[in-house]
Amino acid sequence: GTLRAAVRHAVRAGRLIAAPDFWMPPPPAPKNRWLAREEAAALLREVRASPKMRPYMQLFILIALYTGQRKEAILSLRWTQIDLIRERIDFNQPGRKQTKKRRPVIPIPSRLARFLRLAQAQAHCPYVIHRNGRRLDDIKKGFKAACLRAGLNDVTPHTLRHTAGTWLAQASVVL
């Protein structure tokens, strides 16, 4: 992995004479966890019903389920990247270099557009997902609490990405 690559780079750069031989553990098995529609509905119900849940959590979950984007792409999303007239979201911020983890421009599903319009009408911050006008660094803690209250095990924000892809595959959508 990364350690081995760093050591090889140090050898090529002349910082080390030779690369030592070391054992690396095997990579973990990929997670195949995704949410059934009933589980996603239970999570959203819990988020709406709980007085402790922040309003941004429901919007985060909906954006993730409808777009399949990664957590960081959603947390860094600004209102200027959302065009509700043409119904498009550009997940690649202006000036951001495209990486292997591509951030596309996607059409906004009509159900998601409704939630985005409501959120934008109340927006007082450039970020779509925010707390008191400030961008969130992470949502792991609140997300985990919502999942526990909804009775969902082994679910992370990335599970929503797997869920979106699985639902598309089940609907026979080819990307």
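Me: OK, so is R149 buried, exposed or partly exposed, and why?

Reply: R149 is partly exposed, because its relative accessible area is 37%. Before we go on, this is a predicted model, where local features need pLDDT of at least 70, side-chain atom pairs count only at pLDDT 80 or more, and totals for chains, interfaces and linings use all residues. Residues are numbered from 1 along each chain as its sequence is written, and side-chain values use heavy atoms, with hydrogens and water left out.

Me: Good to know. Which helix is R149 in?

Reply: R149 is in helix α6, which covers residues 140-149. Helices (H or I, at least four residues) and strands (E, at least two) are DSSP runs numbered from the N terminus.

Me: And what does R149 touch?

Reply: Setting aside residues up to four places away in sequence, R149 touches E46, S50 and M53. Contact here means heavy atoms within 4.5 Å. With S50 there's also a side-chain polar contact of 3.4 Å. That term covers a pair of N or O atoms within 3.5 Å; within protein, one must be able to donate a hydrogen and the other to accept it, and residues adjacent in sequence count only if both atoms are side-chain atoms.

Me: How far is R149 from A42?

Reply: Their C-alpha atoms are 9.4 Å apart, although R149 and A42 are separated by 107 residues in sequence. A42 belongs to helix α2, residues 37-49, and counts as buried because its relative accessibility is 19%.

Me: Let's zoom out. How many helices and strands are there?

Reply: The chain has 7 helices and 5 strands. Starting at the N terminus, the order is α-α-α-α-β-β-β-α-β-β-α-α.

Me: What's the radius of gyration against a compact globule?

Reply: The chain has 20 Å, while a compact globule of 175 residues would be near 16 Å. That radius is taken over C-alpha atoms, and the globule rule is 2.2 Å times the number of residues to the power 0.38. The C-alpha trace spans about 60 × 40 × 40 Å along its principal axes.

Me: How much of the chain is buried?

Reply: Buried residues are 35% of the 175 in the chain. Of the contacts with a separation of 6 or more, 61% are between residues 24 or more positions apart.

Me: Back to details. Which helix holds T163, and what does T163 contact?

Reply: T163 is in helix α7, residues 157-170. It is buried, since its relative accessible area is 0%. Beyond its neighbours within four places in sequence, T163 is in contact with W34, L35 and L65.

Me: And H162, what does that contact?

Reply: With neighbours within four places left out, H162 is in contact with K31, R33 and W34. H162 also sits in helix α7 and is partly exposed, at 32% relative accessible area. H162 and K31 lie 131 residues apart in sequence, with C-alpha atoms 9.0 Å apart.

Me: What about L168 and Y66, how far apart in space?

Reply: L168 and Y66 are 9.9 Å apart, C-alpha to C-alpha, and 102 residues apart in sequence. L168 is in helix α7 and is partly exposed at 34%.

Me: Now W167. What sits over its ring?

Reply: The charged end of R37 does, 4.2 Å from the ring centre. A charge sits over a ring if NZ of Lys or CZ of Arg is within 6 Å of the ring centre and within 35 degrees of the ring normal.

Me: Last topic, backbone. What's phi for E87 and where is E87?

Reply: Phi of E87 is near 55°, a positive value in a residue other than glycine. Most residues other than glycine have a negative phi. E87 is in the loop between β1 (82-83) and β2 (88-90) and is partly exposed at 29% relative accessibility.

Me: And what about N132's phi?

Reply: N132 has a positive phi of about 55° and is not a glycine either. N132 is in the loop between β4 (130-131) and β5 (134-135), and counts as exposed because its relative accessibility is 66%.

Conventions:
Buried < 20%, exposed > 50% of the residue type's maximum accessible area, 1.4 Å probe, protein only.
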